Amino acid sequence: MDILYFAWLRERIGAPRERVETSAATVRELVAELVARTDRHAAALSDLGAVRVAVDQALTDLDAPLGNAREVAFFPPMTGG
């Protein structure tokens with residue numbers, strides 16, 4: 001599965017994307033696996049209230065099932081103007 005990071009998440013993790021093998025059933029379980037990988041992941045994903053997520057380019061929440069998802073993207077909330 002491809003994991004994409006945007007804005008300050010990308011900066012904290014130090015990469016715009018990574019490919020992971022996961023047994024996670026939900027986004028929340030995937031986050032737990034990512035947090036356990038490195039201190040950088042743990043720091044970037046420490047405040048999930050400040051993170052939005054999309055699974056296969058559809059906005060969703062942390063309890064969304066991953067099923068056969070190919071891509072999960074993490075990004076800060078967006079503002080419009």
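Modeller: Strand E3 (residues 52-55) pairs with strand E5 (residues 71-75) in the antiparallel sense, over 4 bridges. Strands (E, at least two residues) and helices (H or I, at least four) are DSSP runs numbered from the N terminus, and two strands pair if DSSP finds at least two bridges between them. This is a predicted model: local features need pLDDT of at least 70, side-chain atom pairs count only at pLDDT 80 or more, and totals for chains, interfaces and linings use all residues. Residues are numbered from 1 along each chain as its sequence is written, and side-chain values use heavy atoms, with hydrogens and water left out.

E3 and E4 make a hairpin with 2 residues between them, and Asp56 in the turn has a positive phi of about 50 degrees.

These strands belong to an open sheet of 5 strands in the order E2-E1-E5-E3-E4, with mixed pairing. Its edge strands, E4 and strand E2 (17-19), each pair on one side only. Neighbouring strands are turned by 25 degrees against each other on average, direction ignored. Helix H2 (residues 27-37) packs on the sheet and touches E2, E3, E5 and strand E1 (2-5), contact meaning heavy atoms within 4.5 Å. The direction of H2 makes about 70 degrees with that of E5; axes are lines fitted to C-alpha atoms, for helices over the stretch in contact, and angles run from 0 to 180 degrees between N-to-C directions.
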